[in-house]
Every structure is written in C-alpha cells, then in structure tokens.
Amino acid sequence: MKHKVAALGWSIKDDHIKKYNPEAIIEIQEKRRKIKNLDEYYDVVRKYGLYGINHKKRLVAVDMLTEVEKGDYIWMRDNGIYYLGHVTETSEYIYNSDEDALDFDAANQITEVKWKRIGDESQVPGAVATAFIRGRTIQRINKAYMFEYAEYAFGGNPLILENSSEEFLQQLFYDCLSPNDCEDLVCLYLYDRKGYVTIPSTNKIATELYECVLVNPENGMLAYPQVKKGNVALDFVKYIDLVDDQKRKKEVYLFTSEGEVKNSNIQSDSIHVIAPNDLYLWVKSKMESVNYLIPESIVKWYKLIHSSEK
C-alpha cells in the first residue's frame, strides 16, 4: 500500500539461488538487475532452471499478473482485513530488483495501484471471501456483478442490475453470502419453521457431517444441519447412520446453495433437503415483513441487491 503496488513472489531472491556456485550467483545477480520485462525475466529463470521452469513451463501466477488490465480491481486480505486495489491508467508490470522488493519476495509487480481498506469479512461478498480459501496466489473471481460490486465499494458507483429475474437475484444473493451466513440462515430457518434452537457448544470443526446440533425444546427432537456454500455436492446416504438411533429421535437437514444432493430419491422421514429457493423465499418473506430474525450482515446484502433492481 505504501508503494502503491500489487506484488507477488518468484523474485529470484538470493535465497532462491544459494545452491549455485559463487560465480553463477554473481552472474544471476547481475542479470537480475537488468531485467526490464517479462521476457527477460523468463530468460533468467529458464537459463538457470529456477523454480523447476524449463523452456516449455511457465509460472501461472506471474503470467496472470501481467494479464491484469487497466481498470481492473484486485482484492487483498491481511490479518482478516480486506483491501481493494484499483489498477489505474498508468499502471504497468515491472520486475523490481530493489533490495526491499527482493527481501519481501515481491519483485513481480503492478505499479500505481490505488488501495482502499474495505473491512472485515462482513464487508465483502461471499464470492470474494471464499476465493481466498485454498485459492491460488492470484485468480479471477468468475461470479456475476463482482466487478460492479468492486466499483461500488471502491468509488461508490451505484450497483445497477440489468437482470432482475427472481432466479438471477437468488443466485446473486447466495454469491454475496459467506459460508457462515448460509449456516446462520439455515439454523434460523429451522428455528422459525420447526422450533429448533442451536446448542452452541456443538459447533465443532471435528463434526464433518454436520455444522452443529439443534434441539426442539418442546419434544426433545435433535436436528443436524449440513450446510454447503457453492457448487458442493452432498450425499443422502452418508447421513442414514446418523439418524439411525433407537434411543432418541433425530433429523438431518441438508442444504447446498449450488450443488446437488445425491441419492435424494431414497425415502426417509428423518433426512430432509432444504432447497435454495425455499430458503431464499423464506428470507424474502422476512425482509418484506416487520421482522428482526435475519442478521444485519445478511440484511445488508439483500437490501443492496434488491434496491438495485432496474
């Protein structure tokens, strides 16, 4: 942010070439200082076999950095805080061999990037936040209106939707939600529709088959929701043993925002599928009435999307 750059590694720093003999190290250092463009960068990398690169292989992240165009936006996250960078008209790719850039392994750079602090995860669409989960060093976010949202977040440009069909608004709504938002909605839906309340201590990472345990205080029934955000498949069969308990009545509720539930044709009175459309329509009904059940972090996205309808 201080130097107004977007940067990544593979910088031919001294640690990367320490295995070479002293003469080769000096030679690489001299060539490194003269790099002016991507072709010259690859000439050095390939000549000395750095990063396992030969004459055919390429460094995907470095190549993609050079594909970033003027006017594009770049999301960055640091210690849980998200920043948004705008690539300006004077931005360009450079290889920066200055000592600081090499020390930070940040020699491959885009210059003249204007950065703005956006905030924590609640301030960014879920499609942005989830892109950082097991993502590449740099990658595109291929979701509708994420570029327009970046323009809105960075410069306050109004978010105008050309498509206002119910199906499109539903998809955009889920794109904006985080995995935690989806989990909250499913638990609140089950409270409102079935009378279930959450047992907070049951929300454990180790419970892979479900997010937490819910209990109905009127009849003692337990519920196990499994919630997936995105195109993630669930398998009905995996949950049969979970509800096969003669001692206490249990139910499972499965939700995936874009994926499918496999083997859902199996007949079971204890395993239920919550359709994305049903959950969305439930949210819509709560938003259109005087109701405070929907968390503010989700209300914000709903209002942003629906206030932008053409």
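This is a predicted model: local features need pLDDT of at least 70, side-chain atom pairs count only at pLDDT 80 or more; totals for chains, interfaces and linings use all residues.

N263 is not a glycine, yet its phi is positive, at about 60°. Its relative accessibility is 36%, so N263 counts as partly exposed.

The loop between β12 (261-262) and β13 (271-273) also holds I266. I266 has a relative accessible area of 32% and is therefore partly exposed. Together with V237 and I240, I266 makes a nonpolar surface patch of about 200 Å².

A positive phi is found at Y51 as well, near 60°, again in a residue other than glycine. Y51 belongs to the loop between α2 (38-47) and α3 (60-67). With 28% relative accessibility, Y51 counts as partly exposed.

I turn now to charge. On the surface, D98, E99, D100 and D103 gather in a patch of negative charge.

Finally, the chain as a whole. The protein chain contains 11 helices and 13 strands. Its radius of gyration is 25 Å, well over the 19 Å that the globule rule gives for 310 residues, so the chain is more spread out than a compact globule. Taken along the principal axes, the C-alpha atoms fill a box of roughly 80 × 45 × 30 Å. How much of the protein chain counts as buried? The figure is 45% of the 310 residues.

Thank you for your attention.

Terms used
Residues are numbered from 1 along each chain as its sequence is written. Side-chain values use heavy atoms; hydrogens and water are left out. Patches are made of residues with over 30% relative accessible area and no salt bridge: like charges are joined within 9 Å, nonpolar side chains (Val, Leu, Ile, Met, Phe, Trp, Tyr) within 5 Å. Accessible areas come from the Shrake-Rupley method with a 1.4 Å probe; for residues, only the protein chains shown count as cover. A salt bridge is a side-chain nitrogen of Lys or Arg within 4 Å of a carboxyl oxygen of Asp or Glu. Lys and Arg count as positive and Asp and Glu as negative; His and the chain ends are not counted. The place of a charge is taken as NZ of Lys, CZ of Arg, CG of Asp or CD of Glu. Helices (H or I, at least four residues) and strands (E, at least two) are DSSP runs, numbered from the N terminus. The radius of gyration is taken over C-alpha atoms; the globule rule is 2.2 Å times the number of residues to the power 0.38. Buried means under 20% relative accessible area, exposed over 50%, partly exposed in between (1.4 Å probe, protein chains only).
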